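Here's a quick tour of a protein model for someone new to reading structures. Have the picture open while you go through the points.

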Amino acid sequence: MNARTRFVISVIILGLLMTGPFMITALLIWAGAQAGEQALLIQLILPHLSLGALMTTFGFVLGLLIIRYLFRQYVQGLLKMVENLRLMLSANRNFRVTAEGPPEVQLLAQATNDLAQQRDGLMDDVEAQIAAAKASVEEEKNRLAALMSELAQAVVVCNLDGRILLYNSRARLQFRALALGSTAVAGGALIGLGRSIFSILERNQIDHALEVVRQRLLKGAAAAIANFITTARGGQLLRVQLVPVLATGDPLRERELGGYVLTVENITRSLEQESRRDQVLQSLTDGSRGSLANIRVAVGNLMDYPDMEADIRERFVGIISDEVVRMSQRLDQTMSEFADSLKTRWPLEDVQGMDIIAAAQRRIEEDLKLSTKTEEIDEAVWLRAESFSLVFSICFLASRLIEHYQIRELRFRLLPVGKLAYLDIIWAGHAMSSETFYTWETDAMHLAKESSPLSLRDVIDRHGGEIWYEREKAAHRAFFRFVLPVASPDSVPQCETIDDIVMRPEYYDFDLFHFRDQSIDLDRPLSDLTYTVFDTETTGLEPAAGDEIIQIGAVRIVNGRLLRQENFDQLVDPQCFLRPEGIRIHGITDDMVRGQPQIDIVLPAFHDFCSDTVLVAHNAAFDMRFLQLKEPQTGVVFSQPVLDTLLLSAVLHANQDSHQLDAIAERLGVMIEGRHNALGDACTTGDVFLKMLPLLAQMGITTLRQALDASEKTYFARVKY
């Protein structure tokens, strides 16, 4: 029996107590009186009946107020205290019961707070012991995850169902670069904990690779590894290596698969370079064949007829000269057009040219005690280079210049020229001969006590570049010019722009090794489901009156963890001006949304982000109404179940005064960050929801169906937008 029913019964009993004795007494007297006596009673009572009814009503109202006061002070007060106790026990250890109400209730509240304080002391001791016991295991997990996070290759760890348990920063960048269409908005490719790797890679190829690994394990192979090449959704070619993760703990299961590790490499660019290199060779071959034929004929005539007339000889010499110039021009044009395809197979990396110069300057000044300066440095130039050998070559030349010409200063210049870059090492002093430079170029390099088996020419050839010596006569200076390939523009952001990604491991959950089915089942426990917590910022509060979404923020909950890094955060161009009163709340201006993707692009991307998950929002009816009104325009339907933290708060804390997000967060001890920002509110709502799960379990609400049914029975579920 709930509190409201008991209150109604108390009111009925009060009414019976106020009127029952009088009515029974009157009926007994009336039944025992004669006819004359009954008439006399009517004459005596009837004039005073209104006063009696008024006094009875007054007494009833007074009794009702007293009952209501006692009910609020004792019954509702104790119920509120019960809710607060549950908060202290499950969600917010720092929460304390406010000592209010009658003296007896205040004493109970004070005793409760004292017990909570003692409980916290005991729990601190227990948690300290548990933390010490878990520290070693967590350290091993973090070491493994940190190691994978630092790998240059994209690494993804999956269980046998293809659910992702771990991925490193390189994998996130790799798959974000492969994202196409709606998946390229806000979050990039759909990689995340608990998501399926089969949304990115072909399932048939992974299944085949797993079968190959199983067969090798059965044969007792020492290295059961499978390799295959697959095509991503964007047409990119990927080289994938699959390494098994073997089950442990049971000797009989020693060779049984528990999951697998995938290392992924995008080989599209290298294959394109191979193709372009073939084109270069073909272009040079076809273009040079005609010129060589003309030169061969001219040289043959000059050799066969040594006594030919001077003007004819001059004509043949001119043919040779013209063809040589033409071949030289063709070679220069090919070098300029296909510079990035003429690189050798030596492993090169994208590095900022300014970093190469800075490293060379530091080493020259420290080891050779030579002053260095820079001039005309383009800091936007990125090189494809092997930085160690290139810096060593520069320092080698500097040491030779000091040894032979006693230079006092060295200057650096870096300029882009098409697909190449000129790195100049400049000095003032004597001119040097071509023979000297040729000797330096071909000798093995030595620098102080260090030596290299490579020559300067070897290093230049490995970079697919060139080097020469040149004199600036007017300035009385000379320089060595390194001609080096520049990095492709599309490769620089992927390698260096990490935005908000922390390189330490935050993308792992090894408990998912035993996680299997992830379908949305209404009878599954709430703790087993995957959630997408979202929030929207809008131009106003009336979706049916034309207000529009201007920001969607969302974050995922997997295995009871709020994954802040796996988020969706996107501004939306509403194609209308924002209201000043709204700007004061959310801080989003017209300039911020102008030019952003429109809702018909953002909504499909958000739908992909939250697919196969339960939606969670605060006052979800408001946000879902905006999404539903866009269904005809976008064709996107959000059909998954939706949980509302406002309704769940009303279920858990029916006797609390407020169910606003700020008030709930304060009760549950959740720190609010980025209020009235879609992503910030989504994160706060996610933290609140996780705090609610154990409280719901205490009330017997453990499944998704039970949570939905309980939410629908609350008063706030009647609110419509």
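## The big picture

The protein chain has 22 helices and 19 strands; helices (H or I, at least four residues) and strands (E, at least two) are DSSP runs, numbered from the N terminus. Of its 721 residues, 43% count as buried, where buried means under 20% relative accessible area, exposed over 50% and partly exposed in between (1.4 Å probe, protein chains only). Take the contacts between residues at least 6 apart in sequence: 68% of them join residues at least 24 apart, with contact meaning heavy atoms within 4.5 Å.

Keep in mind that this is a predicted model, where local features need pLDDT of at least 70, side-chain atom pairs count only at pLDDT 80 or more, and totals for chains, interfaces and linings use all residues. Residues are numbered from 1 along each chain as its sequence is written, and side-chain values use heavy atoms, leaving out hydrogens and water.

**Helices with a buried side**

- Look at helix H11 (residues 434-442), where the buried residues are Phe-437, Trp-440 and Glu-441. Down the axis of H11, these fall within an arc of 100°, so they line one face of the helix; the arc is that of the directions from the helix axis to the C-beta atoms.
- Helix H22 (residues 704-712) has Leu-704, Ala-707, Leu-708, Ala-710 and Ser-711 buried. Their arc around the axis is only 165°, which puts them on the same side of H22.
- Among the elements covering the buried residues of H22 are strand S18 (614-617), strand S19 (642-644) and helix H19 (645-652).
- A handy rule to remember: an α-helix has 3.6 residues a turn, so residues three or four places apart point the same way.

**Helices that cross**

- How do helix H9 (residues 353-367) and helix H10 (residues 387-405) cross, and at what angle? Their axes come within 9 Å and cross at roughly 45°; axes are lines fitted to C-alpha atoms, for helices over the stretch in contact, and angles run from 0 to 180 degrees between N-to-C directions.
- That angle makes H9 oblique to H10. Angles under 35 degrees count as roughly parallel, over 145 as roughly antiparallel, 65 to 115 as roughly perpendicular and the rest as oblique.
- H9 passes H10 in a right-handed crossing. A crossing is left-handed if the near helix is turned anticlockwise from the far one by less than a right angle, and right-handed if clockwise.
- On the H9 side, Ile-356, Ala-359, Ala-360, Arg-363 and Ile-364 meet Ser-387, Leu-390, Val-391, Phe-392, Ile-394, Cys-395 and Ala-398 of H10. Sorted by class, this contact has 10 nonpolar, 1 polar and 1 charged residues; Ala, Val, Leu, Ile, Met, Phe, Trp, Tyr, Cys and Pro count as nonpolar, Asp, Glu, Lys and Arg as charged, and the others, Gly among them, as polar.
- Now for helix H20 (residues 661-668) and H21, whose axes come within 10 Å and cross at roughly 50°. H20 and H21 are therefore oblique to each other, and their crossing is left-handed.
- H20 brings Leu-661, Ile-664, Ala-665 and Leu-668 to the contact, while H21 brings Asp-681, Thr-684, Thr-685, Val-688, Lys-691, Met-692 and Leu-695. The residues of this contact split into 7 nonpolar, 2 polar and 2 charged.

**A residue in H21 to click on**

- Leu-679 lies in helix H21 (residues 678-698) and counts as buried at 16% relative accessibility.
- Leu-679 and Asp-535 are 144 residues apart in sequence, but their C-alpha atoms are 6.9 Å apart in space.
- Not counting residues up to four places away in sequence, Leu-679 touches Gly-553, Ala-554, Asn-567, Phe-568 and Asp-569.

**Positive phi in loops**

- Most residues other than glycine have a negative phi.
- Gln-575 has a positive phi, near 60°. Gln-575 sits in the loop between strand S17 (561-571) and helix H14 (580-586), and counts as exposed at 53% relative accessibility.
- Asn-619 also has a positive phi, near 55°. You'll find Asn-619 in the loop between S18 and helix H17 (620-629), partly exposed with a relative accessible area of 23%.
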